[in-house]
Amino acid sequence: MEMENENSAPKQTIPELEKKLLERIEASARPLRIMHVCGTHERTIAKYGLRSVLPEEIEVISGPGCPVCVTPEADIDIAIALAKSGAAVVTFGDMMRVPGSAGSLLDAKSEGADVRMVYSIDDAVALAEKKPGQEVIFFGIGFETTVPANAAVLLRGVPENFSLLASQKRTPPAIDLLAKDTEVDAFIAPGHVATIIGTKPFEPLAKKGFPVVVSGFEARDILLGITLLLAQAEAGAARVDNGYPRAVKPEGNLIALKMMEEVFETSGSEWRGIGEIKDSGLVLKKEFEGQNAAKKHEELYSSALEEIREKAERKDKKRCICAAILTGKAKPSQCPNFGKECTPKTPSGPCMVSLEGMCYNWFRYSREGGSRLA
């Protein structure tokens with residue numbers, strides 16, 4: 001940052017490293033359609049207006065990298081039904097506002113249900129210890145990044161009145177599906193996920209001919225990732241480059257992976273806007289069925305769940321194209337509700353709710369994609 005004099009406003013300049021990376025990208029100007037699969041990547045891209053400073057030949061589209069956005073309505077409906085049945089349902093802040101088939105957890109809270117926001121599963125366990133006479137259920141959502149913490153808690157033991165409603169996802173199967181279904185040339189792999197699973201799970205994608213790079217979350221990380229993908233494309237290569245070595249190892253976090261393996265097993269899973277994806281879910285193993293809220297309280301919430309779904313059939317839903325946005329087939333600006341009926345205060349769909357949602361970031365930072373680097 002340069003200063004004209006001590007009384008003038010600061011003059012913004014593009015940092016030297018970012019400038020060099022942009023020059024390298026512009027020198028290539030090779031057509032490349034890149035998909036990232038990480039909500040934090042989208043937040044960085046939108047915040048710094050990176051799309052506006054890239055050559056027209058380079059297109060960066062967003063995939064289903066927002067964990068809140070891909071949580072299916074059915075799982076939210078169960079969480080709401082549990083809360084309405086008398087249990088205390090606790091979850092992360094973003095998750096409280098995501099609509100199910102007939103409302104959100106926040107709506108249920110306004111109607112008197114015991115719904116609370118926490119910052120971690122440990123907060124939920126602490127609540128269960130303080131209230132031994134009440135069932136406490138942690139609604140655990142997210143990708144491989146959040147799973148180890150849930151596994152660690154269950155392994156060390158929890159109060160009898162605590163259980164986990166798991167809606168956990170595995171990212172590689174989803175990326176594999178998108179590689180078949182979406183027009184894309186290369187992938188920026190999610191850095192947070194890679195800190196846990198490493199780079200090896202993305203190698204099958206490279207073997208199919210897609211250049212892949214694991215990227216960090218600063219503007220320079222994203223630009224470096226694009227540079228590495230261009231280098232692969234120019235060489236006619238397809239491999240997995242680690243552009244985030246300060247946090248990601250090829251083998252991942254072996255301790256975290258071991259805990260996950262002890263507690264969870266893979267299964268098919270529903271992704272909002274995409275549908276069922278084989279082997280993309282993580283469910284509790286049989287040894288932990290006593291802590292599985294969906295099984296432990298099935299009779300408790302069944303009648304409430306039926307009422308919610310009957311209400312959903314009568315509800316006139318706003319048109320939402322989150323499904324197309326999550327799969328890189330549409331941009332938020334193409335949605336007729338964007339910025340009108342659908343805003344962060346009045347979201348029609350999950351992409352406008354989460355801080356990692358593409359619609360939220362487009363709305364907050366720049367609907368025109370203006371540069372924030374310069």
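A: Buried means under 20% relative accessible area, exposed means over 50%, and partly exposed is in between, with a 1.4 Å probe and protein chains only. Strands (E, at least two residues) and helices (H or I, at least four) are DSSP runs, numbered from the N terminus. This is a predicted model: local features need pLDDT of at least 70, side-chain atom pairs count only at pLDDT 80 or more, and totals for chains, interfaces and linings use all residues. Residues are numbered from 1 along each chain as its sequence is written, and side-chain values use heavy atoms, leaving out hydrogens and water.

Q: OK. How many residues of β2 are buried?
A: 4 of the 5, so β2 is largely enclosed by the rest of the structure.

Q: And how many of β1?
A: 5 of the 5 residues of β1 (residues 32-36) are buried, so that strand is largely enclosed too.

Q: Which way do the β1 side chains point?
A: L32, I34 and H36 point one way. R33 and M35 point the other way. In a regular strand the side chains alternate between the two faces of the sheet.

Q: What does β1 pair with?
A: Two strands pair if DSSP finds at least two bridges between them. β1 and β2 (residues 58-62) pair in the parallel sense over 5 bridges. β1 and β7 (residues 186-189) also run parallel, joined by 3 bridges.

Q: Which residues line up?
A: On the β2 side, M35 stands opposite I61, and I34 has V60 as its bridge partner. On the β7 side, H36 has I188 as its bridge partner.

Q: What is the strand order in the sheet?
A: β2-β1-β7-β8-β9, an open sheet of 5 strands with parallel pairing. The edge strands are β2 and β9 (240-242), each pairing on one side only. The twist averages 25 degrees from one strand to the next. Those angles run from 0 to 180 degrees between N-to-C directions, with axes as lines fitted to C-alpha atoms, for helices over the stretch in contact.

Q: New topic. What is phi of D279?
A: Near 60 degrees, a positive value in a residue other than glycine. D279 lies in β11 (residues 275-284).

Q: What is the relative accessible area of D279?
A: 36%, so D279 is partly exposed.
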